[in-house]
There are 2 protein chains.
Amino acid sequence: MSRMHLNLSLMTPGHFRHAWRLPHADPLAYLDIDHFQRLARIAEAAKIDAVFLGDGPALRGEIEDAPGTGLDPLVLLGNLAAVTTHLGVIATSSTTYNSPYNFARRFQALDHVTKGRAAVNVVTTGTPAAAANFGLAEHPAKADRYRRAHEFLDVVTRLWDGWEPGAVVADKTTGRYADPARIHRIDHHGEFFSVAGPLPVGAGPQGRPVIVQAGGSEDGRDLAARFADVVFTVAQTLDGAVAFREDIRRRAEGAGRDPNDVKVSLGVVVLTSATEGEAQRRERELHATLPIDRLAGVLLGNLGLSAKDFGPDDPITAADLPDAVPGGAFSTGFATAVRALIAQRPHTAGELVRGSAGGAGHRLLTGSAVAVADDLQAWFEAGAADGFTVMPADTAADFGNFARLVVPILQDRGLFQAEYHDPTLRGRLGLAPARPIGALP
Amino acid sequence: MSRMHLNLSLMTPGHFRHAWRLPHADPLAYLDIDHFQRLARIAEAAKIDAVFLGDGPALRGEIEDAPGTGLDPLVLLGNLAAVTTHLGVIATSSTTYNSPYNFARRFQALDHVTKGRAAVNVVTTGTPAAAANFGLAEHPAKADRYRRAHEFLDVVTRLWDGWEPGAVVADKTTGRYADPARIHRIDHHGEFFSVAGPLPVGAGPQGRPVIVQAGGSEDGRDLAARFADVVFTVAQTLDGAVAFREDIRRRAEGAGRDPNDVKVSLGVVVLTSATEGEAQRRERELHATLPIDRLAGVLLGNLGLSAKDFGPDDPITAADLPDAVPGGAFSTGFATAVRALIAQRPHTAGELVRGSAGGAGHRLLTGSAVAVADDLQAWFEAGAADGFTVMPADTAADFGNFARLVVPILQDRGLFQAEYHDPTLRGRLGLAPARPIGALP
């Protein structure tokens with residue numbers, strides 16, 4: 001039987017961003033490297049495939065009531081690699097606000113430094129506030145961002161592939177270090193970039209770092225089908241998840257790839273404790289941290305509705321929803337997921353906010369460790385995903401609870417690895433090496 | 001008595017780039033994180049202030065006979081922070097080929113992750129090959145690069161200062177996380193950049209990471225006088241070093257700063273062993289790795305001379321040198337240092353190459369541990385520098401030899417710290433905190 005892959009999100013204070021208000025919370029934990037090192041060690045002890053950190057290069061408007069974007073993920077995750085030996089690291093980075101040469105170098109360095117455990121979660125950055133930090137008069141249109149992302153990843157992957165195996169000769173007698181004929185420029189000239197290459201050094205153990213891609217829109221799916229090793233996605237309904245995975249596999253095939261080379265990792269916010277009662281109590285406690293009126297208003301806006309027409313406790317029916325998903329901070333994937341819920345039965349904005357970690361879009365799964373394991377098993381076996389990116393509701397509690405309470409159940413059931421079998425993340429995900437690794441003769 | 005500061009360069013295989021040819025050398029050590037972690041632990045055991053890594057975002061043309069630029073320094077040094085607790089880390093980064101917002105975020109993250117041990121070595125990137133990796137048709141002129149660097153550092157330091165102390169309120173009862181009135185946009189609109197800000201999170205323990213600056217030209221000195229906490233410099237003669245330090249201090253005063261807030265760290269290539277005889281033997285061994293004809297030709301070109309007119313063993317006199325330093329890969333600082341040597345007495349190109357680690361410009365100091373300690377003491381006491389950036393000739397040998405053989409002598413003489421006295425690099429360098437650090441009420 002195939003096994004599920006499991007990633008754990010490091011987002012702090014948690015996917016309930018208001019979890020900093022809980023009595024036990026350290027409100028500055030998201031800046032504390034000791035906190036993240038503890039989490040990384042917990043994840044590795046549980047044989048988690050990789051830890052994950054999102055990002056967006058701007059201050060979010062909601063800083064008045066919760067921390068948003070934290071430290072640069074690449075620096076943070078590069079550090080965590082030193083206190084772990086098997087754990088993969090997935091750092092989010094923007095194709096809109098980086099140059100491909102630096103991006104390729106940094107993730108190649110991460111692959112060397114982690115000895116083959118590096119992954120990049122590629123995003124085009126939907127946060128409008130980011131544009132003004134990079135000299136743009138306005139937030140670039142989605143279609144432009146994705147066209148740029150295509151070219152960006154084309155450049156980056158070709159840079160990663162630039163050194164052939166055996167390019168380093170290192171003949172001490174003759175003094176010949178490398179064979180320039182096996183180190184290739186790319187001489188790319190495209191719509192967005194001109195990049196000569198090659199990179200200063202050859203590939204790390206994975207050939208290419210694992211590429212994770214998170215867009216649920218048409219453009220996002222096409223990008224994933226072409227470049228992604230792992231698609232990170234959101235779904236509020238099992239049917240929606242199954243349909244998404246089938247669609248991605250079909251598109252990968254259409255792009256000439258083996259559909260088994262594209263893994264779907266479904267995001268789910270987990271709130272779990274040893275007992276159902278304790279989990280329910282903690283959920284009530286977390287819900288009490290939420291500024292419901294404001295969050296309901298944001299969610300309504302993201303759905304194209306107005307807080308003037310809908311209070312937090314007014315039911316929203318499918319008929320209330322506008323045909324088109326409005327542009328803005330909400331991604332297509334999130335909007336689609338929430339709309340699918342409403343299509344099943346009317347929901348109030350308050351319910352939607354509470355059911356998705358304050359309105360962040362991902363499904364909230366609250367329950368005892370057994371109940372959470374049952375749920376993930378059911379979704380996995382129904383073909384909803386190849387694995388899950390588990391997003392702790394309150395990271396201070398749920399990261400450890402998931403690793404220590406839920407994971408052993410999944411391992412006992414044979415659904416998740418009990419040991420790390422392959423030194424590289426790519427290998428553990430069942431992906432072929434991107435290319436053969438050079439070695440000295 | 002004031003003490004010297006000591007940094008150690010991690011450059012591998014060494015500042016003699018051809019040291020990979022030595023019998024004991026691992027030609028791929030410059031990609032091996034275990035190698036760098038070993039070095040970091042050795043440096044910390046010796047109470048070295050910081051380790052240093054240079055960079056340039058391009059493949060160097062000389063890859064046929066030696067490794068050049070290695071892994072991205074930020075990723076590598078962020079990792080080394082996890083295996084050390086006091087050691088500072090100085091990562092080189094380019095103001096020409098980065099955006100200031102990302103740059104500010106990454107080094108701010110490094111400061112958080114290291115708990116106040118982060119430094120950036122700011123360079124404008126003199127390598128012509130870099131331009132083509134970033135969409136530029138030609139290598140930008142030095143004056144343009146420095147004008148950009150001024151604006152870049154102005155933006156970066158203002159971003160770093162954006163969160164006032166106390167901006168994070170974290171009132172669990174009211175749910176107020178931060179006070180937006182104490183988090184400042186910069187709304188910069190300049191010649192090169194438009195950056196709104198603020199950064200997503202507040203400052204690390206140092207307020208601002210330590211800024212190291214390495215340019216010896218007029219433009220470089222002015223930039224240093226305004227922004228640098230530490231000026232990394234090159235000198236082949238004691239008089240030249242003393243004059244440079246006095247000039248920097250005068251310029252800092254002219255820029256309205258206390259000259260004691262700008263420290264000069266003089267680069268010196270060190271080849272050392274327990275005995276003089278062993279050091280001399282190793283120097284001969286290292287010299288034998290050099291492709292003298294080619295390196296002499298490069299050096300001659302950098303001096304504005306031609307290999308057609310001067311063989312490796314032909315003396316060059318001061319009268320042979322053109323008035324102006326030609327543009328190119330050689331920095332003004334390096335050219336000035338080499339010209340000062342020739343002004344003292346004629347040198348052959350071969351001598352100059354052998355005396356500066358294959359022509360890299362820095363002074364080669366070969367000798368027993370006692371002789372090296374004597375030399376550094378003499379230069380320090382003559383006012384040549386506030387400290388040294390020691391560049392191992394053959395890193396596999398000289399990094400450890402310097403830390404284990406030379407440092408204890410300097411400590412015994414009271415010239416170098418025997419313990420780390422301050423948790424931050426800025427504090428250990430005798431620099432005031434850049435600004436007060438915010439804390440929760």
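B:R60 is partly exposed, with a relative accessible area of 32%, in what is a predicted model. Its salt-bridge partner is B:E62, and the closest N and O atoms of the two are 3.7 Å apart. B:E62 is partly exposed too, at a relative accessible area of 24%.

**Salt bridges within a chain**

- Side chains of opposite charge can pair when their charged atoms come close.
- How many salt bridges are there over all chains? The count comes to 58.
- B:D386 and B:R245 form one of them, with the closest N and O atoms 2.9 Å apart. This pair links distant parts of the chain, 141 residues apart: B:D386 sits in the loop between α11 (369-381) and β15 (387-392) of chain B, while B:R245 belongs to helix α6 (residues 238-254) of chain B.
- Is B:D386 buried or exposed? B:D386 counts as buried because its relative accessible area is 12%, which is under 20%. B:R245 is buried as well, at 16%.
- In chain A, A:E285 pairs with A:R281, and their closest N and O atoms are 3.8 Å apart. The two are 4 residues apart in helix α7 (residues 276-287) of chain A, so about one helical turn separates them. A:E285 is partly exposed, with a relative accessible area of 27%, and A:R281 is partly exposed at 35%.
- Salt bridges can also join up into a network, as they do for A:E218, A:R221, A:D222, A:D247, A:R250 and A:R251.

**Where chain A meets chain B**

- On each side of the interface, 74 residues take part: 74 of chain B are in contact with 74 of chain A.
- Together the two chains bury about 6,000 Å², and 61% of that area is on carbon and sulfur atoms. B:R105, B:K172 and B:Y177 supply 13% of the area that chain B buries against chain A, more than any other three residues.
- Between chain B and chain A there are 42 residue pairs in polar contact. Which element gives the largest share of the side of chain B that touches chain A? That is α3(B), with 8 residues. By class, this side of chain B has 44 nonpolar, 18 polar and 12 charged residues.
- The interface also holds 8 salt bridges. A:D72 forms a salt bridge with B:R106, with 3.8 Å between the closest N and O atoms.

**Binding-site positions from UniProt**

- An unreviewed UniProt entry lists A:D55, A:T92, A:Y146 and A:S217 under "binding site".
- A:D55 lies in the loop between β2 (50-53) and α2 (73-80) of chain A and is partly exposed, at 23% relative accessible area.
- The contacts of A:D55 include A:T92 and B:R105. With B:R105 there is a polar contact between the two side chains, at 2.7 Å.
- A:Y146 is found in helix α4 (residues 142-160) of chain A and is buried, with a relative accessible area of 7%. Among the residues that A:Y146 contacts are A:T124, A:S217 and A:L223.

**A closer look at A:T424**

- A:T424 is in the loop between α12 (395-412) and α13 (425-428) of chain A, and at 15% relative accessibility A:T424 counts as buried.
- What lies 2.9 Å from a polar atom of the A:T424 side chain? The backbone nitrogen of A:G427 does.
- Leaving aside neighbours within four places in sequence, A:T424 is in contact with A:G116 and A:Q206.

Technical notes
Residues are numbered from 1 along each chain as its sequence is written. Chains are lettered from A and ligands numbered from 1 in the order in which they are written. This is a predicted model: local features need pLDDT of at least 70, side-chain atom pairs count only at pLDDT 80 or more; totals for chains, interfaces and linings use all residues. Side-chain values use heavy atoms; hydrogens and water are left out. UniProt positions are given in the numbering used here, feature names are shortened, and annotations may be inferred rather than shown by experiment. Buried means under 20% relative accessible area, exposed over 50%, partly exposed in between (1.4 Å probe, protein chains only). Contact means heavy atoms within 4.5 Å. A polar contact is a pair of N or O atoms within 3.5 Å; within protein, one must be able to donate a hydrogen and the other to accept it, and residues adjacent in sequence count only if both atoms are side-chain atoms. Buried area is the accessible area (1.4 Å probe) that two parts lose on being put together, summed over both. A salt bridge is a side-chain nitrogen of Lys or Arg within 4 Å of a carboxyl oxygen of Asp or Glu. Ala, Val, Leu, Ile, Met, Phe, Trp, Tyr, Cys and Pro count as nonpolar, Asp, Glu, Lys and Arg as charged, and the others, Gly among them, as polar.
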